[in-house]
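Me: I am new to this structure and would like to learn how to read a few of its features. Please show it to me before we start.

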Amino acid sequence: MSTAVLFDAYGTSDELYGAEVPVPVPASGEVVVRYTAIGVNPIDWKLLGGDLRDLVPMDLPGCLGVEAAGVVVDVGPGVRRFQVGDAVIRHGRPGTYRQYEAVPAAQEADEHTPQPGRFSAEQAAVLPVAAGTAYSALVQVGLRAGERLLVHGASGGVGLAAVQLARLMGAEVIGTASARHHGLLRRLGATPVAYGDGLLDQLAPLGPFDASVDCAGGPQPTETAAELVQPRARRVTVAWEPGARAGDVPHLEHVPLELASTLDLIGHSPFELPVAARFPLSQAAEALDLGRKGGLGGKIVLLPGATPTDRLHPTSPEGPRPAS
């Protein structure tokens, strides 16, 4: 048997509970993965709250989690891409808040990607949502070397990934964030600007801007993007909000196999997403609540092999290394 964190009804983190479930047996074309680290993301509490039930229907009892890192422990008939012992990154449909999972192995399913040896399990687990989303956003706005990019919400997971990937692509980056995260952005090679009144006046002298990626949402990023970046196709928001659409900022469209493409771009260049807190899988509710508060300046991971007595959270990450 193994542990999974489930919920029987949409609602708050109070709906989550641990359950003992059988270790899955792989069907044809599937592999079973034992997870070593699991990423926690805003989509998790949106799924739990029922906000996305029309876009991402889930059978109840449901299981949250759209990214994780682990090791293949069983291989179903017909699988040639992976073998037992392979380290992999899982991303895509919900279901990673568990110790073991059976997942399609085909590349076309975009569920499993080989884990590069340079990344720890924690780093691999937090790559898909943040780095994959950032990569798709930069592709959508057509970012090129030598251009100037505006990133709103640059200290969040997607924002930090966008800053680093844009720098790897040879772009100059200006990022908006709370003042306490400006040191981190400077280490990544970005020019930080504080949120608040007069943001447009602060940003205008730093332009002109060739493209913008909004990782924060809200009226201020929408208004500044529409004002500072032309044409419309060179703006994108990863925040699904009516205000952003009304402000003529296109929403993100994910590219196929975005994680594999992101890893190709990163290669052996310095790239890291800070982990702000770690929790045992049994404390998924606490991890979700901490994530909803925001402002961590890093990612949250669940560790299936840890116990509540390990007292894992929060941590104080030193921050990623510059991507230059």
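Me: Is C215 buried or exposed?

Reply: Buried means under 20% relative accessible area, exposed over 50%, and partly exposed in between, with a 1.4 Å probe and protein chains only. C215 has a relative accessible area of 19%, so C215 is buried. C63 is buried as well, with 7%.

Me: What should I know about the model and its numbering?

Reply: The model is predicted: local features need pLDDT of at least 70 and side-chain atom pairs count only at pLDDT 80 or more, while totals for chains, interfaces and linings use all residues. Residues are numbered from 1 along each chain as its sequence is written, and side-chain values use heavy atoms, with hydrogens and water left out.

Me: How many disulfides does a search of the whole structure find?

Reply: A disulfide is a covalent bond between the sulfur atoms of two cysteines. The test is a pair of cysteine sulfur atoms within 2.5 Å. The search finds zero here.

Me: How many aromatic pairs does a search of the whole structure find?

Reply: Rings of Phe, Tyr and Trp (its six-membered ring) pair if their centres lie within 6.5 Å; planes under 30 degrees apart count as stacked, over 60 as edge-to-face and the rest as tilted. The search finds one pair. The ring centres of F7 and Y10 are 6.0 Å apart and the planes meet at 50°, so this pair is tilted. F7 is buried at 0% relative accessibility, whereas Y10 is partly exposed at 22%.

Me: What is the strand order of the open sheet of five strands?

Reply: Strands of a sheet pair through backbone hydrogen bonds, either parallel or antiparallel. Strands (E, at least two residues) and helices (H or I, at least four) are DSSP runs numbered from the N terminus, and two strands pair if DSSP finds at least two bridges between them. Here the order is β10-β9-β8-β11-β12, with parallel pairing. The edge strands, β10 (191–194) and β12 (235–237), each pair on one side only. Between β8 (residues 148–152) and β9 (residues 172–177) there are five bridges, and V151 stands opposite G175 in β9.

Me: Where does A233 lie?

Reply: A233 is in the loop between α7 and β12. At 51% relative accessibility, A233 counts as exposed. Contact means heavy atoms within 4.5 Å; leaving out residues up to four places away in sequence, A233 touches Q140 and V141.
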